[in-house]
Amino acid sequence: MSNQSVGKQPVGKKSVGRPAGRPAKPRTPRSPEARQRQQDILSIAMDTFAARGYNNASLAEIADRVGLTQAGVLHYFRSKALLLTSVLELRDRADIEQLGPDRPQGLDFLRHLVNTALRNAEREGIVRLYAVLSAESVTDDHPAQDYFRDRYDGLRVFVADALREACDLPADRAEMTGNAANAIIAVMDGLQVQWLLSPDSVDMAASTDLVVTSLLATLAPERFGPPSPS
């Protein structure tokens with residue numbers, strides 16, 4: 001989901017997707033040429049990680065594609081792990097700019113999830129990056145594991161809160177809204193994989209909308225269920 005990718009990092013009241021214990025920040029280039037070179041490295045690394053995964057992508061390949069030595073890449077990012085987290089944060093910054101300064105609430109946030117699925121259909125590279133790295137992150141000592149764990153934890157809270165707000169549910173229904181949030185996130189991530197394999201057969205936005213609408217009707221049938229027969 002992005003999320004993720006929803007392909008998306010919700011922001012506002014709480015920051016999501018900031019990995020705990022991440023490496024130091026990348027160097028800050030001073031000249032416009034150096035800043036552009038750093039962005040070129042990030043762009044090439046994003047493509048390479050998306051195509052090969054973190055473990056199979058090499059600094060040598062990334063350096064060769066960007067026209068530098070490995071030492072040149074490490075001058076900007078210090079380590080392969082830092083390059084990976086920088087790529088993930090670059091992805092998040094684009095999503096933050098799209099979302100705006102405040103996180104939408106309730107139904108607006110749920111509509112935002114559907115809109116994210118629609119927008120992701122135009123961002124194949126970012127969707128592939130998220131799908132590949134989120135699956136790979138479950139392996140031992142993967143440097144993106146904390147990133148994705150924190151991201152899912154935060155997104156789960158946001159989606160559950162939005163469902164509770166939209167349905168006007170009491171706090172003691174937290175387990176049900178949590179389960180529903182997990183289902184929405186799982187559907188969105190699963191749709192991304194199906195879409196990557198067969199884009200003409202999968203409408204991510206329509207499927208996401210169907211699942212959200214069905215769950216709203218289940219959680220609050222008096223609000224979102226079919227009208228009673230007259």
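This is a predicted model: local features need pLDDT of at least 70, side-chain atom pairs count only at pLDDT 80 or more; totals for chains, interfaces and linings use all residues.
**Close-up 1. Phe77, a residue of helix α3.** What does Phe77 touch, once residues up to four places away in sequence are set aside? The list runs to Pro26, Gln38, Ile41, Leu42, Leu82, Leu83 and Ser86.

**Close-up 2. Phe77 and Lys25, apart in sequence by 52 residues.** How far apart in space are Phe77 and Lys25, C-alpha to C-alpha? The distance comes out at 7.8 Å.

**Close-up 3. Arg78, in the loop between α3 and α4.** Helix α3 covers 70–77 and α4 covers 80–99, with Arg78 in the loop between them. The backbone is the thing to check here: phi of Arg78 is near 70°, a positive value, and the residue is not a glycine.

**Close-up 4. Asp141, in the loop between α6 and α7.** Here is another loop, and another backbone angle to look up. Asp141 is found between α6 (124–136) and α7 (145–167). Its phi is near 60°, again positive in a residue other than glycine. Why does Asp141 count as exposed? Its relative accessible area is 78%, and the cut-off for exposed is over 50%.

Definitions and conventions: Residues are numbered from 1 along each chain as its sequence is written. Side-chain values use heavy atoms; hydrogens and water are left out. Helices (H or I, at least four residues) and strands (E, at least two) are DSSP runs, numbered from the N terminus. Buried means under 20% relative accessible area, exposed over 50%, partly exposed in between (1.4 Å probe, protein chains only). Contact means heavy atoms within 4.5 Å.
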